[in-house]
Amino acid sequence: MSTLSTHVLDTQWGRPAAGVPITLEQQAGDGWRELARGTTNADGRVRDFLPTGTRLEAGIYRMTFHTAEYFRAHSVRGFYPYVSVVFELSAVDEHYHVPLLLSPFGYSTYRGS
């Protein structure tokens, strides 16, 4: 069964980014269907992001990190109010990790393990 996880690191402060709201959507025709939402914990992760028993299908997904709320909570003026990472799952039996390295004026992501 395919699983999905994420981790947000604040590269300005060199620590996990707690309190970042995240939504996960799957492309459905011309639009998107929300699958899950959560907020990063003190370790910058969302535990139990997907409901138990959720099976991800092959397809296009979008994970949106609502960074404006995080920056506002830390009295930081950021340039990106949100970061949307669109990715494709092809092997339904693999684990996918989509981390975000975040700073007020830049971000980076990659497929982790």
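Is Gly14 buried or exposed? At 66% relative accessibility, Gly14 is exposed. Gly14 belongs to the loop between β1 and β2. Its C-alpha atom is 18 Å from that of Phe65, a residue 51 places away along the chain.

The model is predicted: local features need pLDDT of at least 70, side-chain atom pairs count only at pLDDT 80 or more, and totals for chains, interfaces and linings use all residues. Residues are numbered from 1 along each chain as its sequence is written, and side-chain values use heavy atoms, with hydrogens and water left out.

## Sheet and strands

Helices (H or I, at least four residues) and strands (E, at least two) are DSSP runs, numbered from the N terminus. Four strands make an open sheet with mixed pairing, in the order β2-β1-β7-β8. Two strands pair if DSSP finds at least two bridges between them. The edges are β2 (15-16) and β8, each pairing on one side only. Four bridges join β7 and β8 in the antiparallel sense.

Thr6 sits in strand β1 (residues 3-10). It is buried, at 3% relative accessibility. A polar atom of the Thr6 side chain lies 2.5 Å from the backbone oxygen of Val98. A polar contact is a pair of N or O atoms within 3.5 Å; within protein, one must be able to donate a hydrogen and the other to accept it, and residues adjacent in sequence count only if both atoms are side-chain atoms. Neighbours within four places in sequence aside, Thr6 is in contact (heavy atoms within 4.5 Å) with residues including Ile22, Met63, Phe65 and Val98.

In soluble globular proteins, nonpolar side chains tend to be buried together. A nonpolar core is a set of buried Ala, Val, Leu, Ile, Met, Phe, Trp, Tyr and Cys residues joined through side-chain atoms within 4.5 Å. The largest one here has 26 residues. Leu4, Val8, Ile22, Leu24, Met63, Phe65 and Phe87 touch the most other members. At least two residues of this core come from each of β1, β3 (21-28), β5 (59-65), α1, β6 and β7. Leu24 touches, among others, Leu4, Phe49, Leu50, Tyr61, Met63 and Phe87, leaving out residues up to four places away in sequence.

## Aromatic pairs

A pair of aromatic rings is described by the distance of the centres and the angle of the planes. Rings of Phe, Tyr and Trp (its six-membered ring) pair if their centres lie within 6.5 Å; planes under 30 degrees apart count as stacked, over 60 as edge-to-face and the rest as tilted. The whole structure has four aromatic pairs. One of them joins Phe79 and Tyr80 edge-to-face, at 5.0 Å centre to centre and 85 degrees between the planes. Phe79 is exposed, at 58% relative accessibility. Tyr80 is partly exposed, at 27%. Tyr80 also pairs edge-to-face with Tyr107, at 5.1 Å and 85 degrees. This second pair links distant parts of the chain. Tyr80 is in the loop between α1 (67-73) and β6 (83-89), and Tyr107 is in strand β8 (residues 106-109), 27 residues apart. Tyr107 is partly exposed, with a relative accessible area of 39%. Phe79, Tyr80 and Tyr107 make up one aromatic cluster.

## Salt bridges

A salt bridge is a side-chain nitrogen of Lys or Arg within 4 Å of a carboxyl oxygen of Asp or Glu. The structure has five. The table lists some of them.

| Glu34 | Arg37 | 2.8 Å |

Arg111 lies in the segment after β8 and Glu94 in the loop between β6 and β7 (95-103), so their bridge ties together parts 17 residues apart in sequence. Glu94 is partly exposed, at 34% relative accessibility. Bridges with shared partners join Asp43, Arg45 and Arg47 into one network. In the remaining listed pair, Glu34 is partly exposed at 41%, while Arg37 is exposed at 57%.

Technical notes: Buried means under 20% relative accessible area, exposed over 50%, partly exposed in between (1.4 Å probe, protein chains only).
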